[in-house]
Amino acid sequence: MAIKLFQSQTSMFCEKVRIVLALKKVPYDIVDVRQDDRKSLIEYTGQRKVPSMDYNGNCVIDSTVISALLEKDYPENSVYPEGANNKGLCLALEDWSDEVLIHANHAMRRAETPEARKKAEEEWAAHFRTLDQMYAGKKYIFDRMTLADISIFSQLHYLYTTTKYEIPREYKNVQAFVENMRHVLKLKSLADSFDSPAL
């Protein structure tokens with residue numbers, strides 16, 4: 001059996017799963033859902049959401065669920081920190097990134113008036129201040145890259161590549177985090193989409 005990832009290259013959640021797969025050195029095939037207007041995705045899963053995965057014959061949907069399953073079956077290069085308290089915090093930060101930062105990304109991408117743009121920038125500024133404190137003096141939130149960092153990076157990378165918004169210069173710790181992740185993930189530039197098969 002094989003692992004097949006139904007994805008869109010620009011989706012931050014698909015990028016998150018690709019990073020987890022690469023860290024764990026798990027081989028997989030890609031089905032680009034844009035090629036057939038999601039027809040193959042709908043046929044296999046009955047819905048339009050990506051990432052979705054054919055996991056050795058089982059249908060698995062959602063980046064958090066996929067990441068947890070990969071962690072269970074491929075525990076090497078864990079995407080969770082040591083200890084129950086740290087793992088709980090990691091999962092909370094992953095959820096914050098997936099549910100809150102995505103809202104800020106959508107607000108920025110859909111801002112069609114100067115007022116909407118200003119409001120979206122103010123929303124991101126509040127998140128940048130939080131992230132700048134979180135990454136003060138640290139490459140990662142915990143002692144190594146975890147799912148929290150991967151989720152946050154995927155949102156920030158989407159902000160840069162798809163929404164075309166650069167992190168303001170005053171958030172030096174956020175910029176350093178993004179640059180470190182770019183280097184670790186072997187992205188030639190921030191404009192590249194992550195697609196490395198293994199790290």
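A residue is called buried when its relative accessible area is under 20%, exposed when that value is over 50%, and partly exposed in between. With these words in hand, this briefing looks at the nonpolar cores and the cysteines of a predicted model.

**The largest nonpolar core**

- The largest nonpolar core holds 52 residues, and among these Met53, Phe128, Phe153 and Leu156 touch the most other members.
- Two or more residues of this core come from each of the strands S1 (3-7) and S3 (52-55), and likewise from each of the helices H1 (12-23), H3 (63-73), H4 (84-109), H5 (114-134), H6 (147-161) and H7 (172-184).
- Helix H6 gives the most to this core, contributing 7 residues.

**The surroundings of Met53**

- When its neighbours within four places in sequence are left aside, Met53 is in contact with Ile3, Lys4, Leu5, Val17, Leu21, Tyr44, Asn58, Cys59, Val60 and Ile66.

**The cysteines**

- A disulfide is a covalent bond between the sulfur atoms of two cysteines, and the count of disulfides in this model comes to 0.
- The cysteine sulfur closest to that of Cys14 belongs to Cys59 and lies 13 Å away, so it is too far for a bond, given that a disulfide needs two sulfur atoms within 2.5 Å.
- Cys14 counts as buried because its relative accessibility is 0%, whereas Cys59, with a relative accessibility of 38%, counts as partly exposed.

Terms used
Residues numbered from 1 in each chain as written. Predicted model: local features only at pLDDT ≥ 70, side-chain atom pairs only at ≥ 80, totals over all residues. Heavy atoms only, no water. Core = buried A, V, L, I, M, F, W, Y, C linked by side-chain atoms within 4.5 Å. Buried < 20%, exposed > 50% of the residue type's maximum accessible area, 1.4 Å probe, protein only. Helix = DSSP H or I, 4+ residues; strand = E, 2+ residues; numbered from the N terminus. Contact = heavy atoms within 4.5 Å.
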